[in-house]
Amino acid sequence: MIEFQHVSKTYHTGTVAVSDFSLVVPSHHITVLVGSSGSGKTTLLRMVNRMVEPTSGAVLIDQETVAAKNAVALRRSIGYVMQQGGLLPHRTVVDNVATVPVLNGVARRTARRDAMSLLERVGLDPSLGKRYPGELSGGQQQRVGVARALAADPNILLMDEPFGAVDPIVRRELQDELLRLQADLGKTILFVTHDIDEAFRLADEVVVLRERALVAQQGVAAEILAAPADDFVRTFVGADQAGRVLSTRMVSGRAVAVDGTGRVVGVLE
Amino acid sequence: MKWLSANWHQIPALIGDHMTLCVPAILLSILIAVPIGRLAHRHRLVGGPLLGFAALLYAIPALPLLIVIPVVFGIPLRSMATMVVALTVYGVALLVRTAADAFAAVDRDVHDAALAVGHSPTSVFWRVDLPLAVPVLVSGIRVMTVSTVSLVTIGALIGQSGLGVLLTDGFQRGIAAEVATGVILTVVVALLLDAVVIGLGRIATPWIRAGRAGRRQAVPS
């Protein structure tokens with residue numbers, strides 16, 4: 001369980017990135033922080049592994065404040081996936097995946113063998129292991145990034161817009177893959193995105209953020225769509241958009257779902 | 001050509017002496033300039049003046065430098081050590097700015113990502129920043145290497161054997177062929193060492209060529 005207790009972050013330039021944010025991220029679930037740029041969502045994520053230190057307040061993992069832990073050991077115990085993969089361009093794919101085990105002192109040969117089976121686990125051909133990240137497509141790099149995050153079998157995964165830089169079809173595949181992995185692994189995942197559809201697809205719980213990480217609304221996707229807390233949330237989730245407002249029409253004795261523009265999107269059973 | 005056919009047997013020894021002076025100076029310059037470059041890159045406040053001072057070193061004329069070094073370091077004027085120190089001073093002066101640029105050229109996000117997955121500051125330097133700085137470092141080392149090889153010739157002025165002997169001796173005795181031989185051989189040695197630096201740079205950066213080949217035949221996702 002990750003707990004944010006009244007955290008704030010003010011940069012020395014005077015910019016307030018986060019202002020009094022509190023949240024409990026339950027274990028073994030996917031919690032998605034969603035907001036536009038400037039909402040402080042990445043800052044919040046980076047507080048968990050101490051890449052950012054809060055100006056005030058505390059972040060706790062299983063009741064222990066992260067500020068009291070050694071930053072390097074803490075980071076090795078948390079999986080981190082970032083946009084563009086964040087892979088080391090000068091190390092082969094298999095060495096990238098084996099990074100944390102090797103840093104932790106696992107023998108290189110063992111770490112590489114484990115890395116190969118992790119590549120398979122995230123849906124990659126192990127023969128790609130010998131290549132450099134620059135030789136892979138964006139989607140493949142993201143899968144490698146996920147494999148690297150899983151290599152030390154952490155309880156917590158932090159994911160910072162991991163699928164933001166790939167095309168929509170590949171993004172969809174990666175999202176499905178993540179849900180499939182999560183069904184097996186049951187990690188505590190804190191996921192950051194600006195894409196509300198991604199948030200709704202992945203999240204057990206969605207947290208919609210305004211600027212300075214003020215919580216606009218928190219809940220499951222259906223609650224947020226059905227009852228947006230205010231106009232900000234209504235606009236942000238597009239509750240009024242034609243694509244979200246569905247109605248039914250009877251055709252040949254069956255109920256057909258139609259969106260706001262009159263386009264048929266499906267059949268009701 | 002008559003001079004060359006009569007004296008060619010001296011030449012291997014002169015090339016050897018030339019190398020003995022420039023190779024240690026090149027290695028020392030790298031060992032000194034790279035940490036200074038890193039420091040200058042990390043700490044801008046110290047870095048600016050440091051790089052300015054280093055650039056000034058290059059402006060010191062060679063003869064005064066050769067006289068000052070024995071005084072400062074307490075070594076004999078007419079010694080190999082004096083020459084190596086002088087060459088290192090110039091080498092460092094030439095290389096520090098590029099070394100600082102080399103670290104600045106390392107992708108900030110990659111450096112950050114390496115820290116975020118749990119590299120310690122030391123391991124991020126050795127395993128991430130330094131290898132990724134190599135391509136730019138190599139460009140600076142090439143310039144410094146060629147410059148050092150040509151500067152070694154002034155060693156002849158303080159009695160240090162090397163290809164510079166062909167220049168001073170040739171001038172004094174008015175043998176044009178000897179001077180030309182000295183000039184050409186210095187250029188050849190410079191090109192050879194440059195090729196060695198390029199080769200070592202390639203070996204140290206296997207991902208660069210792999211990346212280029214990979215992008216040409218893009219892998220489907």
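How many salt bridges are there between chain B and chain A? I counted one, taking a salt bridge to be a side-chain nitrogen of Lys or Arg within 4 Å of a carboxyl oxygen of Asp or Glu.

**Ground rules.** I noted that this is a predicted model, in which local features need pLDDT of at least 70 and side-chain atom pairs count only at pLDDT 80 or more, while totals for chains, interfaces and linings use all residues. Residues are numbered from 1 along each chain as its sequence is written, chains are lettered from A and ligands numbered from 1 in the order in which they are written, and side-chain values use heavy atoms, with hydrogens and water left out.

**Interface.** I found that the bridge between the chains joins Arg46(A) to Asp112(B), with 2.8 Å between the closest N and O atoms. I then listed the contacts (heavy atoms within 4.5 Å) and saw 25 residues of chain B against 26 residues of chain A. The two chains bury about 2100 Å² between them, 65% of it on carbon and sulfur atoms; this buried area is the accessible area (1.4 Å probe) that two parts lose on being put together, summed over both.

**Chain B as a whole.** I looked up the elements and found ten helices and zero strands in chain B, where helices (H or I, at least four residues) and strands (E, at least two) are DSSP runs numbered from the N terminus. The C-alpha atoms of chain B fill a box of roughly 70 × 45 × 20 Å along the principal axes. Of the 221 residues in chain B, 47% are buried, where buried means under 20% relative accessible area, exposed over 50%, and partly exposed in between (1.4 Å probe, protein chains only). I also recorded that, among contacts in chain B between residues at least 6 apart in sequence, 75% join residues at least 24 apart.

**A bridge inside chain B.** I checked Asp129(B) and found a salt bridge to Arg38(B), the closest N and O atoms being 2.6 Å apart. Because Asp129(B) lies in helix 7 (residues 121-151) and Arg38(B) in helix 2 (residues 11-42) of chain B, the pair ties together parts that are 91 residues apart in sequence. Asp129(B) counts as buried at 4% relative accessibility, and Arg38(B) counts as buried at 13%.

**Bridges inside chain A.** I turned to Arg143(A), which forms a salt bridge with Glu177(A) at 3.2 Å between the closest N and O atoms. Arg143(A) lies in helix 6 (residues 138-150) and Glu177(A) in helix 7 (residues 168-185) of chain A, so this pair ties together parts that are 34 residues apart in sequence. I next looked at Arg201(A), whose salt bridge with Asp176(A) has its closest N and O atoms 2.3 Å apart. Arg201(A) lies in helix 8 and Asp176(A) in helix 7 of chain A, so the pair ties together parts that are 25 residues apart in sequence. Arg201(A) counts as partly exposed at 29% relative accessibility, and Asp176(A) likewise counts as partly exposed at 39%.

I ended with Glu198(A) in helix 8 (residues 196-202) of chain A. Glu198(A) is buried yet has no salt bridge, and the nearest side chain of opposite charge (Lys and Arg count as positive, Asp and Glu as negative; His and the chain ends are not counted) is Arg171(A), 5.0 Å away. Leaving aside residues up to four places away in sequence, Glu198(A) touches Phe163(A), Arg171(A), Gln175(A), Phe191(A) and Thr193(A).
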